[in-house]
Amino acid sequence: ALITESQKELLYAMSEEQNPVKSITSSAFIKRHRMKSTSAVQAAAKKLLEYDLLTRRDGLYTIADPLVAIWLGPADYKILSFFFEHESIKSKHIKQR
């Protein structure tokens with residue numbers, strides 16, 4: 001399933017908070033991570049729970065897969081940038097053949 005920008009933002013915010021997260025709809029959490037609104041976070045969390053990307057137990061939210069949590073960590077931007085750059089170079093090379 002494809003995820004929306006709000007869902008991605010919530011996953012990144014949760015990874016920055018170092019799981020688990022209790023108050024994903026608090027104004028402090030939303031402001032700290034520059035989220036759109038409480039309703040946007042609630043909607044994103046609902047879908048991510050349906051997709052099994054988030055879990056909720058005892059009022060605490062966690063990223064369901066520990067590898068996804070690691071992947072979303074601080075170094076991911078560099079890795080993703082390299083990947084997309086690499087894929088762009090690769091696709092240009094293939095087109096030139």
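Helices (H or I, at least four residues) and strands (E, at least two) here are DSSP runs, numbered from the N terminus. By that count, the chain has 5 helices and 2 strands. Colour by secondary structure and follow the chain from the N terminus: the order is α-α-α-β-β-α-α.

Before zooming in, some ground rules. This is a predicted model, where local features need pLDDT of at least 70 and side-chain atom pairs count only at pLDDT 80 or more, while totals for chains, interfaces and linings use all residues. Residues are numbered from 1 along each chain as its sequence is written, and side-chain values use heavy atoms, with hydrogens and water left out.

**The whole chain**

The accessible surface comes to about 7,200 Å² (Shrake-Rupley method, 1.4 Å probe; for residues, only the protein chains shown count as cover). Carbon and sulfur atoms own 57% of that surface. Of the 97 residues, 25% are buried; buried means under 20% relative accessible area, exposed means over 50%, and partly exposed is in between (1.4 Å probe, protein chains only). Now think about contacts, meaning heavy atoms within 4.5 Å. Among contacts in the chain with a separation of 6 or more, 53% are between residues 24 or more positions apart.

**Stop 1: serine 6**

Select serine 6, in helix 1 (residues 5-16). Is serine 6 buried or exposed? Serine 6 is buried, at 15% relative accessible area. Show what surrounds the residue: leaving aside neighbours within four places in sequence, serine 6 is in contact with Met35, Lys36, Ala40 and Ala44.

**Stop 2: the salt bridges**

Next, display the charged side chains. How many salt bridges does a search of the whole structure find? The search turns up 3, a salt bridge being a side-chain nitrogen of Lys or Arg within 4 Å of a carboxyl oxygen of Asp or Glu.

- Glutamate 5 is partly exposed at 49%, and lysine 8 is partly exposed at 33%.
- Then select glutamate 17 and arginine 32, which form a salt bridge at 2.7 Å, N to O. Glutamate 17 is in the loop between helix 1 and helix 2 (27-32) and arginine 32 is in helix 2, so this pair ties together parts that are 15 residues apart in sequence. Glutamate 17 is partly exposed, with 27% relative accessibility.
- Finish with lysine 47 and glutamate 50, a salt bridge with its closest N and O atoms 3.3 Å apart. Both are in helix 3, 3 residues apart, or about one helical turn. Lysine 47 is partly exposed at 34%, as is glutamate 50 at 46%.

**Stop 3: tyrosine 51**

Move on to tyrosine 51, in the loop between helix 3 (38-50) and strand 1 (54-57). Tyrosine 51 is partly exposed, at 32% relative accessibility. Draw a C-alpha to C-alpha distance from tyrosine 51 to leucine 2: they are 49 residues apart in sequence and 9.8 Å apart in space.

**Stop 4: leucine 60**

Last, select leucine 60 in strand 2 (residues 60-63). Leucine 60 counts as partly exposed at 32% relative accessibility. Which residues does leucine 60 touch, not counting those up to four places away in sequence? The list is Pro20, Val21, Lys22 and Thr55.
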